[in-house]
Amino acid sequence: MATIKEIQDYTKAQSGFVPKSCWIAHVKEICGLSPKTAHNRKEINVRQNPYPIEKIDAIKDALRYYKMI
């Protein structure tokens, strides 16, 4: 399983932007994976920074590249 840093590096190289770790966690959750819960998260069911719709495909491509989905 790839780390957040590896996913960010791959996405930057392929799409030209670095996704926030919370975006990656949100996409993992949507894809059926169970990401770890951040230690500083205040509310478990509320996302402060949901992923931007236009960047979901790039994040999913990185997850596919690392065979996570």
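Helices here are DSSP runs of H or I with at least four residues, numbered from the N terminus. After α2 comes Gly 32, with a positive phi near 95 degrees.

A word on the source. This is a predicted model, where local features need pLDDT of at least 70 and side-chain atom pairs count only at pLDDT 80 or more, while totals for chains, interfaces and linings use all residues. Residues are numbered from 1 along each chain as its sequence is written, and side-chain values use heavy atoms, without hydrogens and water.

Next, the pocket. A pocket is an open set of points on a 1 Å grid over the protein atoms alone, where a 1.4 Å probe fits, with protein on both sides within 12 Å along at least five of seven lines; lining residues have an atom within 4 Å of a point. The largest pocket holds about 680 Å³ of space. It is lined by 23 residues, and Ala 25, Lys 36, Ala 38, Arg 41 and Arg 47 are the closest to its centre. Which helix gives the most to this lining? Helix α2, residues 21-30, does, with 5 residues.

Last, the start of the chain. Met 1 lies in the segment before α1. Met 1 and Lys 67 are 66 residues apart in sequence, yet 7.8 Å apart in space, C-alpha to C-alpha.

Key: Points joined across faces, edges and corners; volume = space filled by probe spheres on them. Helix = DSSP H or I, 4+ residues; strand = E, 2+ residues; numbered from the N terminus.
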